[in-house]
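These are my notebook entries on a structure that is new to me. I record what I looked up, entry by entry.

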Amino acid sequence: SSVAALIILTPEDIRSFINSLLAQPLSLQNVVFLSEGEYFIGADTKPLLHTWSLAVEEQFYFFWPLLLLLLRKKSSKALITVVILLIVGSFYINLIQSQTTPKAAFFLIFGRAWELAIGGLAALIENRKWLFQKFTQIHREGLLFCATCGLFFSFYYIDSSMFFPGKIALLPVVSVFCIITLTQSYKTIVGTILAHPILVGIGLISYPLYLWHWPILVFMRHLHISTEQFGPIALFWITTFSLAYGSYRWIETPIRRKIFLTKPRHLLKAVTLTFMGLIAFGVHVITTDGASYRYSDQAKSFLTARINSRTTRCTVWSLIKDGNPSICQLVESDAGPRKTKKVMIWGNSHAGMWLTMLEQLARENNVTLLLNTKNCR
């Protein structure tokens, strides 16, 4: 993706790409994308946008083993109870955030942990067949049919206009939970279908498939290749599946089976060197003004010109702390609440042109200056 970005992206786009790239080693991509605005606005220009979910996973996997270690001497029922409380608590945060600060609900771990914890719960009850002994075969088949229908329904029903995760996320998450737990220990129609070699094969390469699909799609759009026509979309899927299989076959599998990088320290060295290379590339792009040397002097002056806008006028912290504010306070008056004059400027980029001047005027005249948030409707 970094090589493709250097070839394809303009200085402005590659600078945005570098922000998400440099956040990878710390698994903070989700925070970076939260600061950049909404998920579905400008999504097709960000090659690494899909890695926000990997950051959430890594953050979850940081404290999940600690929880298991902390409760290792407790009974299994105590562990399951704690996990259920974690699920309920995180889901409650999700419901609150989805209404007050939907961007934070989407990107941050606090309102997302319940989805991953339900997967953990499925692992904890994997060998407890007694949980389902009261279910007859007909009951299991019926529940699985409903869960499968719920999963497919969510594919078509959930769209970008909805607050997500919110309540609606229960539909796909609980559906998958039921499918996993009920097909794990019993022979069912749904389980037989899912055990088909083609579906199992797709499942085996699903992780690299997820990693590859989005950068390819975004770079095609940057090259103005329409993905609505049969030829380009066929090329997209062939390329994606080929790269996913190649990654699984020649990178993932040999490492997992210790064919190469056989010891943990070898793997750690390889990962460290990779991250160092990516960080060096990021520093290079930043110090060369978006790798502007790729363009002629005449084009460079236009491509590297800064717009006097305030992309960070509402910080990540304000988005989390203040819910979903309609305005941000840029300058605060010292005159006190009763004497303070307040001025609000309404607009996005066109309003942003005047911020430097208005902030200076606000300070000179002891006025509180307010501005609507980024992507305000």
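I looked up Asp289 and found that it counts as partly exposed because its relative accessibility is 24%; buried means under 20% relative accessible area, exposed over 50%, and partly exposed in between (1.4 Å probe, protein chains only). Asp289 sits in the loop between α14 and α15 (297-303); helices here are DSSP runs of H or I with at least four residues, strands are runs of E with at least two, and both are numbered from the N terminus. The phi of Asp289 is near 55°, a positive value in a residue other than glycine.

I noted that the model is predicted: local features need pLDDT of at least 70, side-chain atom pairs count only at pLDDT 80 or more, and totals for chains, interfaces and linings use all residues. Residues are numbered from 1 along each chain as its sequence is written, and side-chain values use heavy atoms, with hydrogens and water left out.

I then turned to Lys258, in the loop between α13 (230-256) and α14 (264-287). Its phi is near 60°, again positive in a residue other than glycine. Lys258 counts as exposed because its relative accessibility is 53%.

I checked the peptide bonds next. Phe164 and Pro165 are joined by a cis peptide bond with omega of about 15°. Pro165 lies in the loop between α8 and α9. Most residues other than glycine have a negative phi, and most peptide bonds are trans.

I followed the chain to helix α9 (residues 170-185), whose 16 residues reach 23 Å from first C-alpha to last, close to the 22 Å expected at 1.5 Å a residue; the expected span is 1.5 Å times one less than the number of residues. Among its buried residues are Phe177, Ile179 and Leu182. The buried residues of α9 pack against α7 (113-124), α8 (137-157) and α10 (189-194).

I looked up the largest nonpolar core and found 46 residues, with Val83, Ile87, Trp114 and Leu121 having the most contacts inside it. Such a core is a set of buried Ala, Val, Leu, Ile, Met, Phe, Trp, Tyr and Cys residues joined through side-chain atoms within 4.5 Å. α7 gives the most to this core, with seven residues.

Lastly, I examined the open sheet, in which three strands run in the order β1-β3-β2 with mixed pairing; two strands pair if DSSP finds at least two bridges between them. β1 (327-331) and β2 (341-345) are at the edges with a single partner strand each, so one side of each lacks a neighbour in the sheet.

Conventions: Contact means heavy atoms within 4.5 Å.
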